[in-house]
Amino acid sequence: MKFDMPLHQLKEYKGTNPKPKDFDDFWEKGLEELNQQSLNYELISANFNSRVAECYHLYFTGVGGARIHCQLVRPKNRVGQGPGLVWFHGYHGSSGDWIDKLGYAAEGFTVLAMDCRGQGGLSVDNNQVKGTTLKGHIIRGIEEDHPEKLYYRNVFLDTVHAARILCSMENVDADRVGVYGASQGGALAIVCSALEPRIKKTVAVYPFLSDYKRVWELDIANSAYEEIHYYFKFIDPAHEREEELFNKLGYIDIQHLADRVKSEVLWAVGMEDLICPPSTQFAVYNKIQSPKQMMVYYEYGHEYVRTFGDKVHSFFSDLLDK
């Protein structure tokens with residue numbers, strides 16, 4: 001590893017970014033707010049035909065009144081309950097193409113793929129905050145006095161809301177639900193598993209949103225975390241608020257949620273990943289106490305990892321057996 005730690009150090013690394021003293025209370029209050037949200041949702045038939053699945057646009061109301069969109073892909077002619085899979089997308093992106101989910105639907109999974117509010121899909125972010133977000137969402141709300149205004153606080157709660165809706169569906173066995181995602185999606189898979197204890201299987205592919213101070217110390221200005229660099233450059237050039245910034249980002253640092261994960265975890269890391277550096281990923285992984293497996297890909301960066309998709313399929317296939 002040329003820019004990050006060698007593997008033997010990564011296996012011991014426990015993170016750099018501070019954890020706020022009231023972190024646990026912060027998320028308990030968030031979950032209390034989420035508990036007041038209805039699990040009602042609206043289904044609209046999608047203009048996509050499949051021989052194996054029914055496809056719908058699903059909308060629900062998230063915290064703060066945001067209208068959240070998901071793709072729902074479920075097996076045709078389902079008799080009884082089957083497994084479910086919650087699917088999260090990468091930064092700036094969307095839930096993607098319908099066909100991406102058909103393989104899992106054909107095998108019996110009901111798939112719910114969530115669009116993150118205010119990104120590339122159909123979900124709407126209606127929360128207004130002070131200050132610019134420059135190029136991204138990590139610092140959205142950072143100028144507010146209270147961390148409840150952080151953009152990702154609400155996205156994290158949306159993941160739980162989506163999982164609860166899937167678990168509530170009559171054709172889904174709530175004891176056989178997994179979560180999956182890569183990059184931002186990988187982070188949200190970890191978050192969902194941490195905040196919704198019914199999740200049984202979690203796949204995280206080079207997850208984002210971790211150990212912000214470590215990324216800044218690596219000076220990777222062109223990574224997925226570039227907005228931290230630009231925040232200092234344009235908003236706080238003398239770094240007068242540096243300590244405050246990283247402490248507030250600690251509320252949405254997934255490493256601090258890792259010890260709440262109860263599910264079995266499959267993780268993929270590329271040792272040449274300049275977008276989400278390996279040390280930021282190991283900071284999370286090393287704190288997970290549930291059964292876990294890290295797949296290390298030495299010659300890969302932040303990219304499609306050949307053969308890993310087959311491993312994911314095998315990992316989730318256990319949910320089919322009952």
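Student: Which residue in S9 does Leu266 stand opposite?
Tutor: Leu266 stands opposite Gln293 in S9. One note before we go on: this is a predicted model, where local features need pLDDT of at least 70, side-chain atom pairs count only at pLDDT 80 or more, and totals for chains, interfaces and linings use all residues. Residues are numbered from 1 along each chain as its sequence is written, and side-chain values use heavy atoms, with hydrogens and water left out.

Student: Thanks! How many bridges join S8 to S9?
Tutor: There are 6 bridges between S8 and S9, and the two run parallel. Strands here are DSSP runs of E with at least two residues, helices are runs of H or I with at least four, and both are numbered from the N terminus. Two strands pair if DSSP finds at least two bridges between them.

Student: And what does the chain cross through from S8 to S9?
Tutor: Helix H9, residues 278-285, and this β-α-β crossover is right-handed. That term applies if, with the strands pointing away from the viewer, the path from the first strand over the helix to the second runs clockwise.

Student: Is S8 mostly covered or mostly open?
Tutor: Mostly covered: 6 of the 7 residues in S8 (264-270) are buried. Buried means under 20% relative accessible area, exposed over 50%, and partly exposed in between, using a 1.4 Å probe and protein chains only. On the S7 side, 5 bridges join S7 to S8 in parallel, and Val205 has Ala268 as its bridge partner in S8.

Student: Zooming out, in what order do the strands sit?
Tutor: The open sheet has 9 strands, in the order S1-S2-S3-S5-S4-S6-S7-S8-S9, with mixed pairing. Its edge strands are S1 (42-45) and S9 (292-297), each pairing on one side only.

Student: New topic: where is Glu196 found?
Tutor: Glu196 is in the loop between helix H5 (184-195) and S7. Glu196 is buried, with a relative accessible area of 5%.

Student: Which residues does Glu196 touch?
Tutor: Leaving out residues up to four places away in sequence, Glu196 touches Val160, Ala163 and Arg164. Contact means heavy atoms within 4.5 Å. As for polar atoms, one in the Glu196 side chain lies 2.9 Å from the backbone nitrogen of Arg198.

Student: Last one: what do the buried residues of H7 pack against?
Tutor: They pack against helix H6 (212-218) and helix H8 (242-249). The buried residues in H7 (226-234) are Glu226, Glu227, Ile228, Tyr231 and Phe232.

Methods
A polar contact is a pair of N or O atoms within 3.5 Å; within protein, one must be able to donate a hydrogen and the other to accept it, and residues adjacent in sequence count only if both atoms are side-chain atoms.
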